[in-house]
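Please consult the sequence and the model while reading.

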Amino acid sequence: MPSARIIGTGSYLPPKVLTNADLEKLVDTSDEWILTRTGIVERRIAPEEEATSDLALRAAQAALEAAGLDPVDLDMILVATITPDMPFPSTACVLQDRLGARRAAAMDLSAACSGFIYGLGMADGLIRAGTARTVLLLGAETLTKVVNWQDRNTCVLFGDGAGAVVLRADEGERGILSTHLYADGSKGSLLILPGCGSRHPVSHAAVDAGLAKMQMNGGNEVFKLAVRAMEDAALTALKQHGLEVSDVDHLITHQANLRIISALGQRLGVPDHKVEVTIRKYGNTSAASIPIALDEAVRAGRVKAGEIVLLCAFGGGLTWASSLIRW
Ligand code: UT7
């Protein structure tokens with residue numbers, strides 16, 4: 001059975017920066033509060049005329065270039081997003097057309113901040129089963145389009161961006177070792193965008209009631225659940241492969257809060273120099289945060305062939321996940 005190896009990475013962040021000082025002018029907050037509670041210094045904002053596929057396209061092109069592949073080589077495009085261009089067609093289909101990846105099947109998947117690792121699990125399964133040989137997987141989001149700019153509990157946290165990887169069937173030892181995926185729908189209301197679906201279809205009343213914007217009900221509870229769940233998922237992954245925490249060369253977690261990332265690193269016993277951190281400059285980019293951090297680590301030359309990379313994520317749904325990769 002072949003393994004799925006990542007042969008190229010790419011990312012794209014829109015150039016416009018929104019600083020904590022900018023947010024102080026919008027809501028009752030302070031640079032000091034945002035920095036100490038979240039670690040975020042600034043985040044990127046997509047322009048009004050750009051949608052998720054615009055960011056995804058640039059990340060995909062960078063990943064394909066790094067992989068040395070042409071879009072027609074792709075068998076499948078998966079886009080993990082909770083901010084698709086529109087309910088349908090999928091952002092993956094929009095991307096398939098814009099790339100000219102005419103041989104590729106295409107679909108979106110919705111698992112919020114865990115979406116990229118869920119997508120890795122799907123891509124790995126498709127490649128191992130022989131259904132696809134070459135898969136383009138993205139985490140791509142424009143969360144600032146669904147943020148309530150009057151809600152200080154959420155509007156300071158999120159940013160826009162896209163990250164991409166190209167996976168290819170490989171006969172060697174390298175590739176995705178495993179993915180572990182989890183969900184608890186009973187706590188779905190903690191992180192929710194309740195409107196503009198079939199429950200509360202688009203209407204003036206739904207928009208006026210604030211249902212078209214993201215809500216976080218209990219950030220502190222989410223915080224604690226996130227640390228515990230990612231720790232469990234990480235340890236399960238290591239145990240399955242008979243690996244120790246000391247075998248991990250890089251820990252790349254979803255970037256929701258610097259304190260969550262640090263707490264996870266400390267509980268697992270992974271030293272700081274092995275932990276990737278991008279939240280300071282990009283905020284929380286949901287499904288995009290892990291592939292963006294991975295791409296930055298790879299392009300900086302920090303991730304070397306044969307090293308063990310541990311990915312962990314937690315997000316709305318609730319969903320959480322881990323993955324181990326031999327790079
Ligand atoms: O990506 C998906 C997963 N998401 C997460 O993992 C997010 C997890 N949660 C968190 O990162 C943190 O819980 C937050 C950053 C959201 C909040 O930090 P916290 O330390 O848990 O603060 P808190 O919710 O306990 O709120 C403390 C206080 C409250 O005031 P009172 O009630 O104590 O008077 C909030 O109203 O901070 C207040 N507050 C703010 N103050 C200034 C909330 N947001 C702000 C703000 N500026 N932007």
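In what order do the 4 strands of the open sheet stand? The order is β8-β13-β12-β11, and the pairing is mixed; two strands pair if DSSP finds at least two bridges between them. The model is predicted: local features need pLDDT of at least 70 and side-chain atom pairs pLDDT 80 or more, whereas totals for chains, interfaces and linings use all residues. Residues are numbered from 1 along each chain as its sequence is written, and side-chain values use heavy atoms, without hydrogens and water.

**The sheet and its helices**

Strands (E, at least two residues) and helices (H or I, at least four) are DSSP runs numbered from the N terminus. Because β8 and β11 (250-253) stand at the edges with a single partner strand each, one side of each has no neighbour in the sheet. From one strand to the next, the twist averages 10°. Strand β12 (residues 308-315) pairs with β13 in the antiparallel sense over 8 bridges, and Cys312 has Ser322 in β13 as its bridge partner.

Contact means heavy atoms within 4.5 Å; axes are lines fitted to C-alpha atoms, for helices over the stretch in contact, with angles from 0 to 180 degrees between N-to-C directions.

| Helix | Strands touched | Angle of directions |
|---|---|---|
| α5 (residues 115-128) | β8, β12 and β13 | about 125° with β8 |
| α9 (residues 258-268) | β11 and β12 | about 140° with β11 |

**Aromatic contacts**

The whole structure holds 2 aromatic pairs. Rings of Phe, Tyr and Trp (its six-membered ring) pair if their centres lie within 6.5 Å; planes under 30 degrees apart count as stacked, over 60 as edge-to-face and the rest as tilted. Tyr182 and Trp320 are stacked, because their ring centres are 5.8 Å apart and their planes are at 10°. Tyr182 lies in strand β8 (residues 175-183) and Trp320 in strand β13 (residues 319-326), so the pair ties together parts 138 residues apart in sequence. Ring pairs link Tyr182, Phe314 and Trp320 into a cluster.

Buried means under 20% relative accessible area, exposed over 50%, and partly exposed in between (1.4 Å probe, protein chains only). Trp320 is buried at 17%, while Tyr182 is partly exposed at 25%.

**Gly175**

Gly175 is placed in strand β8 and is buried, with 2% relative accessibility. Not counting residues up to four places away in sequence, Gly175 touches Ser3, Ala4, Arg5, Leu324, Ile325 and Arg326.
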